[in-house]
Amino acid sequence: MSTRPLWIRHASQLVTLAGGSQAPLTGKRMEELSIIEDGSVWVEDGIIRFVGTDQEARAAYRDRLEEAEVIDAAGKLVTPGLIDPHTHLVFAGSRENEFDMRLKGATYMEIMNQGGGIHATTEATRKASPETLYAESKKRLDQFLLHGVTTVEAKSGYGLTLEHELKQLEVAAELDRTHPIDIVSTFMGAHAVPRDYRDDPDRFVDYVIEEMIPEVARRKLAVFNDVFCERGVFTPEQSRRILEAGRAYGLLPKIHADEIEPYEGAELAAEVGAVSADHLLRASDKGIAMMAEAGVIAVLLPGTAFFLMAESANGRKMIDAGVPVAISTDCNPGSSPTVSLPLIMNLGCLKMGMTPAEVLTAATINAAHAIRRGHEVGSIETGKQADITIFDVPNYMQLQYRYGVNHTHTVIKAGVKVVEGGRLI
Ligand code: IZC
Ligand code: ZN
(Lines give C-alpha, C1' and ligand atoms only; values in the text may rest on other atoms or scores of the structure.)
(Ligands and ions follow the chains in the order given, each with its own letter.)
Protein backbone atom coordinates (compact mmCIF):
# COMPACT_ATOMS: atom_id res chain seq x y z
CA MET A 1 0.00 0.00 0.00
CA SER A 2 1.40 3.33 -0.98
CA THR A 3 0.70 6.42 1.12
CA ARG A 4 1.28 10.10 0.51
CA PRO A 5 4.93 11.01 1.20
CA LEU A 6 5.69 13.06 4.30
CA TRP A 7 8.23 15.85 3.89
CA ILE A 8 9.72 17.43 7.01
CA ARG A 9 11.29 20.73 5.99
CA HIS A 10 13.50 23.50 7.34
CA ALA A 11 14.46 21.91 10.67
CA SER A 12 16.53 24.38 12.62
CA GLN A 13 18.58 21.35 13.68
CA LEU A 14 18.06 17.90 12.21
CA VAL A 15 19.95 15.57 14.54
CA THR A 16 20.45 12.37 12.56
CA LEU A 17 22.77 10.31 14.82
CA ALA A 18 23.96 8.73 11.59
CA GLY A 19 26.66 6.09 11.61
CA GLY A 20 25.74 4.04 14.67
CA SER A 21 23.38 1.44 13.23
CA GLN A 22 25.91 -1.40 13.37
CA ALA A 23 27.11 -0.92 16.94
CA PRO A 24 26.43 1.46 19.84
CA LEU A 25 28.47 4.65 20.00
CA THR A 26 31.22 4.84 22.60
CA GLY A 27 33.67 7.42 23.97
CA LYS A 28 34.01 10.64 21.97
CA ARG A 29 31.65 9.29 19.31
CA MET A 30 28.77 9.72 21.77
CA GLU A 31 29.01 13.46 21.09
CA GLU A 32 28.88 13.11 17.28
CA LEU A 33 25.26 13.89 16.59
CA SER A 34 25.61 14.50 12.82
CA ILE A 35 23.49 17.65 12.72
CA ILE A 36 22.07 19.12 9.52
CA GLU A 37 20.87 22.73 9.56
CA ASP A 38 17.82 23.68 7.48
CA GLY A 39 17.31 19.92 7.48
CA SER A 40 14.85 17.93 5.47
CA VAL A 41 13.55 14.35 5.68
CA TRP A 42 11.48 12.59 3.02
CA VAL A 43 9.36 9.68 4.29
CA GLU A 44 7.45 7.20 2.19
CA ASP A 45 5.63 3.99 3.17
CA GLY A 46 6.85 4.32 6.74
CA ILE A 47 10.52 4.40 5.70
CA ILE A 48 13.03 7.26 5.62
CA ARG A 49 13.92 7.76 1.93
CA PHE A 50 16.03 10.89 2.02
CA VAL A 51 17.94 12.94 4.61
CA GLY A 52 19.74 16.19 3.82
CA THR A 53 19.39 19.94 3.60
CA ASP A 54 16.19 21.47 2.31
CA GLN A 55 17.95 22.49 -0.88
CA GLU A 56 19.19 18.94 -1.48
CA ALA A 57 15.69 17.53 -0.90
CA ARG A 58 14.17 19.98 -3.36
CA ALA A 59 16.67 18.92 -5.99
CA ALA A 60 16.24 15.20 -5.33
CA TYR A 61 12.42 15.28 -5.45
CA ARG A 62 12.07 18.07 -8.06
CA ASP A 63 9.28 16.26 -9.91
CA ARG A 64 7.32 15.13 -6.87
CA LEU A 65 7.33 18.08 -4.45
CA GLU A 66 3.58 18.64 -4.87
CA GLU A 67 2.76 15.08 -3.84
CA ALA A 68 4.06 15.34 -0.30
CA GLU A 69 2.36 16.39 2.91
CA VAL A 70 4.70 19.03 4.31
CA ILE A 71 5.59 19.45 7.98
CA ASP A 72 7.27 22.79 8.54
CA ALA A 73 9.94 22.34 11.23
CA ALA A 74 11.32 25.90 11.01
CA GLY A 75 12.69 26.94 14.39
CA LYS A 76 12.38 23.38 15.69
CA LEU A 77 14.60 20.45 16.62
CA VAL A 78 14.10 17.15 14.76
CA THR A 79 15.49 13.97 16.33
CA PRO A 80 15.00 10.22 16.02
CA GLY A 81 11.98 9.11 18.08
CA LEU A 82 13.24 8.66 21.63
CA ILE A 83 13.69 5.09 22.85
CA ASP A 84 13.19 3.94 26.44
CA PRO A 85 15.13 0.69 26.94
CA HIS A 86 14.05 -0.14 30.54
CA THR A 87 10.47 0.07 31.80
CA HIS A 88 8.18 -1.91 34.08
CA LEU A 89 5.26 -0.67 31.99
CA VAL A 90 2.59 -3.26 32.75
CA PHE A 91 1.43 -3.11 36.37
CA ALA A 92 -1.60 -2.31 38.50
CA GLY A 93 -1.88 -0.09 41.56
CA SER A 94 0.31 2.63 42.90
CA ARG A 95 2.74 3.11 45.81
CA GLU A 96 2.56 6.74 46.90
CA ASN A 97 2.20 5.47 50.51
CA GLU A 98 5.77 4.14 50.21
CA PHE A 99 6.93 7.50 48.91
CA ASP A 100 5.59 9.02 52.11
CA MET A 101 7.33 6.28 54.19
CA ARG A 102 10.63 6.86 52.42
CA LEU A 103 10.40 10.60 53.01
CA LYS A 104 10.11 9.75 56.71
CA GLY A 105 13.29 7.66 56.59
CA ALA A 106 12.32 4.11 55.55
CA THR A 107 14.47 2.59 52.79
CA TYR A 108 13.38 0.88 49.57
CA MET A 109 14.68 -2.50 50.80
CA GLU A 110 13.10 -2.19 54.26
CA ILE A 111 9.73 -1.55 52.65
CA MET A 112 10.20 -4.52 50.31
CA ASN A 113 11.26 -6.82 53.17
CA GLN A 114 8.08 -5.90 55.03
CA GLY A 115 5.96 -7.08 52.10
CA GLY A 116 5.67 -3.75 50.30
CA GLY A 117 7.58 -2.63 47.23
CA ILE A 118 7.58 -5.18 44.42
CA HIS A 119 5.41 -7.48 46.59
CA ALA A 120 2.70 -4.83 46.86
CA THR A 121 2.65 -4.27 43.11
CA THR A 122 2.67 -8.05 42.54
CA GLU A 123 -0.44 -8.41 44.70
CA ALA A 124 -2.24 -5.66 42.80
CA THR A 125 -1.12 -7.00 39.41
CA ARG A 126 -2.20 -10.57 40.19
CA LYS A 127 -5.66 -9.32 41.14
CA ALA A 128 -6.04 -7.17 38.00
CA SER A 129 -7.77 -8.51 34.89
CA PRO A 130 -5.91 -8.34 31.58
CA GLU A 131 -8.38 -5.62 30.54
CA THR A 132 -7.54 -3.47 33.56
CA LEU A 133 -3.81 -3.99 33.06
CA TYR A 134 -4.18 -3.08 29.39
CA ALA A 135 -6.13 0.10 30.16
CA GLU A 136 -3.71 1.26 32.88
CA SER A 137 -0.65 0.55 30.77
CA LYS A 138 -2.13 2.15 27.67
CA LYS A 139 -2.50 5.43 29.58
CA ARG A 140 1.20 5.33 30.38
CA LEU A 141 2.07 4.51 26.77
CA ASP A 142 0.03 7.48 25.53
CA GLN A 143 2.00 9.68 27.91
CA PHE A 144 5.28 8.22 26.67
CA LEU A 145 4.24 9.10 23.12
CA LEU A 146 3.37 12.64 24.21
CA HIS A 147 6.94 12.93 25.53
CA GLY A 148 8.45 11.99 22.18
CA VAL A 149 9.08 8.28 22.87
CA THR A 150 8.35 5.88 20.01
CA THR A 151 9.74 2.53 21.30
CA VAL A 152 9.87 1.10 24.81
CA GLU A 153 11.15 -2.05 26.42
CA ALA A 154 8.67 -3.55 28.92
CA LYS A 155 9.43 -6.09 31.64
CA SER A 156 7.22 -8.61 33.37
CA GLY A 157 8.02 -9.37 37.00
CA TYR A 158 4.88 -8.41 38.91
CA GLY A 159 3.27 -11.83 38.47
CA LEU A 160 5.94 -14.13 39.92
CA THR A 161 3.84 -17.19 38.99
CA LEU A 162 3.75 -18.65 35.50
CA GLU A 163 0.09 -17.71 35.05
CA HIS A 164 0.53 -14.09 36.06
CA GLU A 165 3.86 -13.55 34.31
CA LEU A 166 2.23 -14.79 31.09
CA LYS A 167 -0.71 -12.45 31.71
CA GLN A 168 1.63 -9.44 31.95
CA LEU A 169 3.56 -10.46 28.83
CA GLU A 170 0.33 -11.07 26.88
CA VAL A 171 -0.86 -7.58 27.78
CA ALA A 172 2.45 -6.12 26.56
CA ALA A 173 2.10 -8.08 23.30
CA GLU A 174 -1.45 -6.79 22.83
CA LEU A 175 -0.29 -3.21 23.45
CA ASP A 176 2.48 -3.72 20.91
CA ARG A 177 -0.12 -4.80 18.34
CA THR A 178 -2.60 -2.01 19.04
CA HIS A 179 -0.63 1.06 20.16
CA PRO A 180 1.63 3.16 17.92
CA ILE A 181 4.58 2.65 20.30
CA ASP A 182 6.60 -0.49 19.60
CA ILE A 183 7.16 -2.65 22.67
CA VAL A 184 10.11 -5.00 23.10
CA SER A 185 9.35 -7.47 25.89
CA THR A 186 11.60 -8.76 28.63
CA PHE A 187 10.73 -11.68 30.89
CA MET A 188 11.63 -10.85 34.50
CA GLY A 189 10.22 -13.69 36.57
CA ALA A 190 13.26 -13.20 38.80
CA HIS A 191 12.22 -9.72 39.95
CA ALA A 192 11.66 -10.74 43.60
CA VAL A 193 11.46 -13.92 45.65
CA PRO A 194 7.72 -14.29 46.37
CA ARG A 195 6.79 -14.27 50.05
CA ASP A 196 5.77 -17.95 50.00
CA TYR A 197 9.26 -18.98 48.82
CA ARG A 198 11.05 -16.84 51.42
CA ASP A 199 12.50 -19.83 53.26
CA ASP A 200 13.77 -21.55 50.12
CA PRO A 201 14.68 -19.02 47.41
CA ASP A 202 16.55 -21.66 45.38
CA ARG A 203 13.26 -23.50 44.93
CA PHE A 204 11.87 -20.35 43.30
CA VAL A 205 14.95 -20.09 41.08
CA ASP A 206 14.29 -23.70 39.99
CA TYR A 207 10.67 -22.78 39.24
CA VAL A 208 11.76 -19.80 37.09
CA ILE A 209 14.26 -21.98 35.22
CA GLU A 210 12.23 -25.15 34.82
CA GLU A 211 8.70 -23.87 34.33
CA MET A 212 8.60 -20.20 33.45
CA ILE A 213 11.48 -19.71 30.99
CA PRO A 214 10.58 -22.68 28.73
CA GLU A 215 6.93 -21.57 28.47
CA VAL A 216 7.71 -17.89 27.87
CA ALA A 217 10.15 -18.91 25.14
CA ARG A 218 7.72 -21.42 23.62
CA ARG A 219 5.08 -18.71 23.32
CA LYS A 220 7.65 -16.24 21.96
CA LEU A 221 6.53 -13.64 24.50
CA ALA A 222 9.93 -12.10 25.23
CA VAL A 223 13.23 -11.24 23.59
CA PHE A 224 15.17 -10.71 26.83
CA ASN A 225 15.51 -12.33 30.25
CA ASP A 226 16.29 -10.06 33.21
CA VAL A 227 17.06 -10.62 36.89
CA PHE A 228 17.20 -8.34 39.95
CA CYS A 229 20.71 -9.21 41.18
CA GLU A 230 20.85 -7.48 44.54
CA ARG A 231 21.74 -8.42 48.12
CA GLY A 232 18.52 -9.77 49.65
CA VAL A 233 16.93 -10.47 46.26
CA PHE A 234 18.88 -12.80 43.89
CA THR A 235 22.55 -13.61 44.46
CA PRO A 236 25.08 -13.40 41.62
CA GLU A 237 25.15 -17.24 41.55
CA GLN A 238 21.35 -17.48 41.26
CA SER A 239 21.35 -14.68 38.69
CA ARG A 240 23.94 -16.47 36.58
CA ARG A 241 21.90 -19.69 36.59
CA ILE A 242 18.76 -17.81 35.53
CA LEU A 243 20.49 -15.86 32.76
CA GLU A 244 22.24 -18.94 31.38
CA ALA A 245 19.00 -20.93 31.47
CA GLY A 246 17.27 -18.14 29.53
CA ARG A 247 20.00 -18.06 26.96
CA ALA A 248 19.58 -21.78 26.31
CA TYR A 249 16.01 -20.92 25.28
CA GLY A 250 17.06 -17.98 23.12
CA LEU A 251 16.28 -15.24 25.65
CA LEU A 252 19.07 -12.66 25.70
CA PRO A 253 20.43 -11.68 29.13
CA LYS A 254 19.89 -8.33 30.83
CA ILE A 255 20.57 -7.62 34.48
CA HIS A 256 19.55 -5.17 37.22
CA ALA A 257 23.04 -4.70 38.60
CA ASP A 258 24.60 -2.90 41.58
CA GLU A 259 21.54 -0.70 42.19
CA ILE A 260 21.47 -0.52 45.99
CA GLU A 261 24.76 -2.15 47.03
CA PRO A 262 27.95 -3.16 45.22
CA TYR A 263 27.34 -6.84 44.40
CA GLU A 264 29.58 -7.56 41.41
CA GLY A 265 26.62 -7.28 39.05
CA ALA A 266 28.63 -5.42 36.40
CA GLU A 267 31.24 -8.20 36.50
CA LEU A 268 28.54 -10.83 36.10
CA ALA A 269 27.01 -8.94 33.15
CA ALA A 270 30.37 -9.01 31.38
CA GLU A 271 30.94 -12.68 32.19
CA VAL A 272 27.58 -13.84 30.84
CA GLY A 273 27.78 -11.48 27.85
CA ALA A 274 24.64 -9.57 28.80
CA VAL A 275 23.23 -7.18 26.20
CA SER A 276 22.93 -4.59 28.96
CA ALA A 277 23.54 -4.06 32.65
CA ASP A 278 21.13 -1.58 34.14
CA HIS A 279 21.29 0.82 37.15
CA LEU A 280 25.01 0.42 38.11
CA LEU A 281 24.88 3.10 40.84
CA ARG A 282 27.40 1.11 42.87
CA ALA A 283 29.30 -0.64 40.08
CA SER A 284 33.00 -1.25 40.76
CA ASP A 285 35.80 0.12 38.58
CA LYS A 286 36.73 -3.44 37.74
CA GLY A 287 33.15 -4.18 36.69
CA ILE A 288 33.07 -1.07 34.50
CA ALA A 289 36.34 -2.07 32.82
CA MET A 290 34.98 -5.57 32.22
CA MET A 291 31.79 -4.17 30.69
CA ALA A 292 33.80 -1.97 28.32
CA GLU A 293 35.88 -4.97 27.27
CA ALA A 294 32.80 -7.17 26.72
CA GLY A 295 30.75 -4.42 25.01
CA VAL A 296 27.92 -4.58 27.55
CA ILE A 297 25.69 -1.51 27.29
CA ALA A 298 25.14 0.42 30.52
CA VAL A 299 21.48 1.42 30.77
CA LEU A 300 21.53 4.25 33.32
CA LEU A 301 18.45 5.32 35.25
CA PRO A 302 19.16 8.62 37.02
CA GLY A 303 15.45 9.18 37.76
CA THR A 304 15.57 6.18 40.08
CA ALA A 305 18.58 7.52 41.98
CA PHE A 306 16.84 10.90 42.21
CA PHE A 307 13.59 9.38 43.45
CA LEU A 308 15.36 7.08 45.96
CA MET A 309 17.51 10.01 47.10
CA ALA A 310 20.67 8.07 46.23
CA GLU A 311 23.81 9.05 44.39
CA SER A 312 23.50 8.52 40.63
CA ALA A 313 25.59 6.15 38.55
CA ASN A 314 28.79 7.70 37.27
CA GLY A 315 27.92 8.00 33.60
CA ARG A 316 30.95 10.20 32.93
CA LYS A 317 33.34 7.57 34.22
CA MET A 318 31.65 4.84 32.18
CA ILE A 319 31.78 6.80 28.92
CA ASP A 320 35.43 7.68 29.54
CA ALA A 321 36.13 3.99 30.19
CA GLY A 322 34.63 3.10 26.79
CA VAL A 323 31.31 1.63 27.97
CA PRO A 324 28.42 2.32 25.56
CA VAL A 325 25.84 4.22 27.63
CA ALA A 326 22.06 4.34 27.18
CA ILE A 327 19.53 6.12 29.41
CA SER A 328 16.00 5.29 30.51
CA THR A 329 13.13 6.24 32.81
CA ASP A 330 12.89 2.86 34.62
CA CYS A 331 9.16 3.72 34.65
CA ASN A 332 7.72 1.69 37.55
CA PRO A 333 5.31 2.28 40.43
CA GLY A 334 7.93 2.36 43.20
CA SER A 335 11.32 3.80 42.44
CA SER A 336 10.60 5.92 39.33
CA PRO A 337 6.95 6.60 38.52
CA THR A 338 7.60 8.82 35.50
CA VAL A 339 7.32 8.61 31.72
CA SER A 340 9.32 11.76 31.04
CA LEU A 341 12.44 10.57 29.26
CA PRO A 342 13.41 14.21 28.52
CA LEU A 343 13.43 14.94 32.28
CA ILE A 344 15.61 11.86 32.83
CA MET A 345 17.95 13.17 30.12
CA ASN A 346 18.26 16.41 32.07
CA LEU A 347 19.21 14.38 35.17
CA GLY A 348 21.77 12.59 33.02
CA CYS A 349 23.46 15.96 32.52
CA LEU A 350 23.14 17.30 36.05
CA LYS A 351 23.65 14.09 38.04
CA MET A 352 25.81 11.85 35.87
CA GLY A 353 28.22 14.32 34.32
CA MET A 354 27.04 13.68 30.76
CA THR A 355 26.71 16.36 28.09
CA PRO A 356 23.43 17.16 26.29
CA ALA A 357 24.88 15.51 23.17
CA GLU A 358 25.79 12.34 25.07
CA VAL A 359 22.36 12.00 26.67
CA LEU A 360 20.70 12.40 23.28
CA THR A 361 22.84 9.58 21.90
CA ALA A 362 22.01 7.56 25.02
CA ALA A 363 18.25 8.01 24.48
CA THR A 364 18.27 7.22 20.75
CA ILE A 365 20.79 5.05 18.93
CA ASN A 366 22.42 3.55 22.03
CA ALA A 367 19.00 2.89 23.57
CA ALA A 368 18.04 1.13 20.33
CA HIS A 369 21.07 -1.14 20.63
CA ALA A 370 20.20 -1.90 24.27
CA ILE A 371 17.03 -3.57 22.96
CA ARG A 372 18.65 -4.95 19.78
CA ARG A 373 16.82 -2.56 17.45
CA GLY A 374 19.81 -0.51 16.31
CA HIS A 375 19.38 -1.63 12.69
CA GLU A 376 15.75 -0.44 12.47
CA VAL A 377 15.40 2.68 14.65
CA GLY A 378 17.37 5.15 16.78
CA SER A 379 18.76 7.32 13.97
CA ILE A 380 17.46 9.27 10.97
CA GLU A 381 19.06 7.48 8.04
CA THR A 382 17.86 6.31 4.65
CA GLY A 383 16.22 2.90 4.85
CA LYS A 384 15.34 3.06 8.54
CA GLN A 385 11.82 3.11 9.99
CA ALA A 386 10.50 6.68 10.08
CA ASP A 387 10.25 7.19 13.86
CA ILE A 388 10.84 10.92 14.30
CA THR A 389 10.17 13.48 17.05
CA ILE A 390 9.97 17.23 16.54
CA PHE A 391 10.57 19.40 19.61
CA ASP A 392 9.57 23.03 19.87
CA VAL A 393 13.11 24.21 20.68
CA PRO A 394 15.65 25.48 18.13
CA ASN A 395 18.57 23.27 19.18
CA TYR A 396 19.33 20.06 21.07
CA MET A 397 20.93 21.79 24.04
CA GLN A 398 17.72 23.65 24.83
CA LEU A 399 15.96 20.33 25.20
CA GLN A 400 18.03 19.74 28.36
CA TYR A 401 18.49 23.34 29.38
CA ARG A 402 14.81 24.33 29.49
CA TYR A 403 14.06 21.46 31.82
CA GLY A 404 10.86 20.21 33.40
CA VAL A 405 8.74 21.25 30.41
CA ASN A 406 7.47 18.93 27.70
CA HIS A 407 8.78 20.41 24.44
CA THR A 408 7.41 17.60 22.24
CA HIS A 409 5.51 19.09 19.31
CA THR A 410 5.08 16.38 16.67
CA VAL A 411 5.70 12.63 16.73
CA ILE A 412 5.87 10.45 13.64
CA LYS A 413 5.72 6.69 14.13
CA ALA A 414 6.54 4.45 11.18
CA GLY A 415 5.76 7.35 8.86
CA VAL A 416 2.42 8.23 10.48
CA LYS A 417 1.80 11.41 12.43
CA VAL A 418 0.60 10.37 15.89
CA VAL A 419 1.18 13.56 17.92
CA GLU A 420 0.69 17.06 16.57
CA GLY A 421 0.87 20.36 18.44
CA GLY A 422 1.61 18.38 21.62
CA ARG A 423 -1.62 16.35 21.38
CA LEU A 424 -2.42 12.78 20.40
CA ILE A 425 -4.14 12.38 17.04
O1 IZC B 1 8.57 -1.99 41.51
O2 IZC B 1 10.19 -1.34 42.77
N3 IZC B 1 14.18 -1.74 41.34
N4 IZC B 1 12.71 -3.14 40.55
C5 IZC B 1 14.08 -3.07 40.90
C6 IZC B 1 12.08 -2.04 40.76
C7 IZC B 1 13.01 -1.13 41.25
C8 IZC B 1 10.66 -1.81 40.47
C9 IZC B 1 9.78 -1.70 41.67
ZN1 ZN C 1 14.00 -1.90 36.59
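**Reading the cavity, the ligand and the pockets**

Biologist: How many residues line the largest cavity, and which lie nearest its centre?

Modeller: Rolling a probe the size of a water molecule over the atoms shows where empty space is left. On a 1 Å grid over the protein atoms alone, a cavity is a set of points where a 1.4 Å probe fits but cannot get out, a pocket is an open set with protein on both sides within 12 Å along at least five of seven lines, and lining residues have an atom within 4 Å of a point. Here 13 residues line the largest cavity, with His88, Tyr108, His191, Asn332 and Ser335 nearest its centre. The model is predicted: local features need pLDDT of at least 70, side-chain atom pairs count only at pLDDT 80 or more, and totals for chains, interfaces and linings use all residues. Side-chain values use heavy atoms, with hydrogens and water left out, residues are numbered from 1 along each chain as its sequence is written, and chains are lettered from A and ligands numbered from 1 in the order in which they are written.

Biologist: What volume does the largest cavity have?

Modeller: A volume is the space filled by probe spheres set on grid points, which are joined across faces, edges and corners. The largest cavity has about 90 Å³, and the count is 1 cavity of 30 Å³ or more.

Biologist: Where does ligand 1 sit?

Modeller: Ligand 1 sits in the largest cavity (more than half of its atoms lie within 2 Å of the grid points). Around ligand 1 (a heavy atom within 4 Å) are Arg95, Tyr108, Ile118, Tyr158, His191, Phe228, His256, Glu259, Asn332 and Ser335.

Biologist: Which side chains have an N or O atom close to ligand 1 in a polar contact?

Modeller: A polar contact pairs N or O atoms within 3.5 Å. Oxygen atoms of ligand 1 lie 2.5 Å from a side-chain N or O atom of Tyr108 and 2.6 Å from a polar side-chain atom of Tyr158. A nitrogen atom of ligand 1 is 3.2 Å from a side-chain N or O atom of Glu259. The protein covers 100% of the 270 Å² of accessible area that ligand 1 has on its own (Shrake-Rupley method, 1.4 Å probe).

Biologist: How much space lies in the largest pocket?

Modeller: The largest pocket holds about 250 Å³. Thr107, Tyr108, Ile260, Leu308 and Ala310 are the closest to its centre among 13 lining residues.

Note on methods:
A polar contact is a pair of N or O atoms within 3.5 Å; within protein, one must be able to donate a hydrogen and the other to accept it, and residues adjacent in sequence count only if both atoms are side-chain atoms.
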